[in-house]
Amino acid sequence: MRLHEYQAKQVFSDAGIPTPASELAGTVDEAVAAAEEIGYPVAVKAQVHVGGRGKAGGIKLVDDAEEAEEAAEAILGMDLKGYTVDRVLVEEAVDFVNELYVGVTMDRGEGKPVAMVSTRGGVNIEEVAEEDPDAIAREHIDPAFGMHPYQARKAVYDAGVDREIARDVASILTTLYQLWDDRDGADAEINPLMVTSDDEVIAADAVFNVDEDALFRQPELQEMEEEGEFAESELDRKADEYGFDYVRLSGNVGIIGNGAGLVMTTLDLVDYYGGEPANFLDVGGGAKADRIANALDMVFSDENVDSVVFNIFGGITRGDEVAKGINQALEQFDEIPKPVVVRLAGTNAAEGMEILNEDLVTVEQTLESAVQRAVDYAEEVEA
Ligand code: GDP
Ligand code: MN
């Protein structure tokens with residue numbers, strides 16, 4: 001999960017890394033008011049989850065209220081690589097003489113975190129990494145010991161950072177590593193780390209990606225995810241709440257299965273029989289009645305869905321258990337909103353098929369016939 005620039009800057013600033021004064025704005029008026037308060041020149045910066053905003057026209061430097069208004073009008077609502085900009089960060093412009101790069105990430109090849117420093121920061125660091133990898137100094141860290149002060153100094157020295165600012169840059173790198181470690185970072189990056197003519201060092205951009213699997217123990221960052229995500233759909237929200245792996249697709253045949261491979265196979269078969277999958281939904285192992293009910297709730301609340309196919313393979317999850325779940329879930333409806341086809345195989349499949357209430361669902365013996373039936377139902381609805 002990726003924080004927005006304004007959120008990452010908050011985290012960095014709280015940890016003691018210098019950042020420019022800034023304010024978030026959601027409207028042109030708010031942006032101008034923020035600019036007036038901060039004082040010109042200011043940078044107006046699109047807050048979307050993409051890199052390279054500068055080159056794509058998502059960042060503008062302005063010198064007065066009129067320009068601030070123009071910039072905010074141009075950037076708010078613009079499409080930046082597929083994301084609509086709904087907020088800008090208005091930020092004190094930094095008068096810089098140099099742009100550095102500092103970053104921390106996991107080096108999977110080495111199996112260790114790596115801290116990086118370069119004097120060639122700015123918008124082209126990816127090119128630098130490719131064309132001239134030696135221009136980025138790297139120091140691997142033993143996570144059991146953390147970053148030793150000499151390692152930060154060595155990375156800064158190896159990168160050729162000016163002596164006047166070396167101590168500050170090393171200190172920022174140390175803090176960045178500490179944050180990466182404490183806050184379960186995947187990547188942490190400051191690019192550019194700007195250097196001013198009077199040797200101040202200040203983070204003009206901030207990237208912090210959090211390891212999703214550790215989010216549960218980072219409540220503060222989890223909250224930021226919620227406030228930062230405006231575009232998440234109702235269905236995605238439900239999937240998160242229920243703990244399903246769910247991807248919405250463009251078709252009309254709803255698909256529920258247990259196990260990613262089984263669900264993928266079902267998608268392929270729906271396509272093979274001339275239908276179009278509406279979603280990928282993996283209810284996972286141990287699919288008890290309430291999980292089945294939640295899964296049905298999800299596909300039923302997708303208005304594109306015209307029919308539903310269940311593809312369940314009983315392993316640890318027994319077929320009779322799933323059948324009970326499907327019955328219970330469907331009995332709650334006065335009228336079943338969309339036809340449901342079920343295919344059960346594996347442990348207790350025969351018992352399961354026996355239990356299934358055929359007033360509520362269509363039971364099919366094979367996967368092929370189940371998918372074909374669901375595709376037919378969907379076609380009937382469309383016809
Ligand atoms: P990115 O393109 O999404 O990585 O956004 P950045 O925040 O890194 O900004 C890209 C570039 O815009 C920087 O490398 C700077 O050259 C320029 N820029 C951003 N903020 C400022 C600022 O406050 N002052 C000045 N002069 N330039 C800035
Ligand atoms: Mn940047």
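Modeller: Here is a quick tour, starting with the ground rules.

Modeller: This is a predicted model, where local features need pLDDT of at least 70, side-chain atom pairs count only at pLDDT 80 or more, and totals for chains, interfaces and linings use all residues. Residues are numbered from 1 along each chain as its sequence is written, chains are lettered from A and ligands numbered from 1 in the order in which they are written, and side-chain values use heavy atoms, with hydrogens and water left out.

Colleague: Fine. Which domains does the assignment give?

Modeller: Domain 1 is 21-92, domain 2 is 96-229 and domain 3 is 234-378. Those bounds come from an automatic or database domain assignment. Over C-alpha atoms, the centres of domain 2 and domain 3 are 46 Å apart.

Colleague: How many helices and strands?

Modeller: The chain has 13 helices and 18 strands. These are DSSP runs numbered from the N terminus: helices are H or I with at least four residues, strands are E with at least two.

Colleague: Is the chain spread out or compact?

Modeller: More spread out than a compact globule, because its radius of gyration is 27 Å, well over the 21 Å that the globule rule gives for 383 residues. That radius is taken over C-alpha atoms, and the rule is 2.2 Å times the number of residues to the power 0.38. Along the principal axes, the C-alpha atoms fill a box of roughly 80 × 50 × 35 Å.

Colleague: What share of residues counts as buried?

Modeller: 49% of the 383 residues. Buried is under 20% relative accessible area, exposed is over 50%, and partly exposed is in between (1.4 Å probe, protein chains only).

Colleague: Now the metal. What are the protein donors of the manganese ion?

Modeller: N191 (O) and D205 (OD), lying 2.2 Å from ligand 2. N191 is in strand 10 (residues 185-196), while D205 is in the loop between strand 11 (201-203) and strand 12 (207-210), 14 residues apart. Donors here are N, O and S atoms within 2.8 Å of the metal (3.2 Å for Na, K and Ca); water is not among the atoms, so sites may look incomplete.

Colleague: Is N191 buried or exposed? And D205?

Modeller: N191 is buried at 11% relative accessible area. D205 is buried too, at 15%.

Colleague: OK, ligand 1. Which residues come nearest?

Modeller: K45, R53, G54, V94 and E99, of 18 residues around ligand 1. The cut-off is a heavy atom within 4 Å.

Colleague: What lies close to the oxygen atoms of ligand 1?

Modeller: One is a polar side-chain atom of E99, at 2.8 Å. A backbone N or O atom of N191 is 3.1 Å from an oxygen atom of ligand 1. For G52, a polar backbone atom is at 3.4 Å. The protein covers 85% of the 560 Å² of accessible area that ligand 1 has on its own. Areas are Shrake-Rupley with a 1.4 Å probe; for residues, only the protein chains shown count as cover.

Colleague: Where are the cis peptide bonds you'd flag?

Modeller: One joins N191 and P192, with omega about 10°. P192 lies in strand 10. Another runs from Y40 to P41, with omega near -5°. P41 is in the loop between helix 2 (28-38) and strand 2 (42-46).

Colleague: And what about phi at D199?

Modeller: Phi of D199 is near 60°, positive in a residue other than glycine. D199 sits in the loop between strand 10 and strand 11 and counts as partly exposed at 37% relative accessibility.

Note on methods
A polar contact is a pair of N or O atoms within 3.5 Å; within protein, one must be able to donate a hydrogen and the other to accept it, and residues adjacent in sequence count only if both atoms are side-chain atoms.
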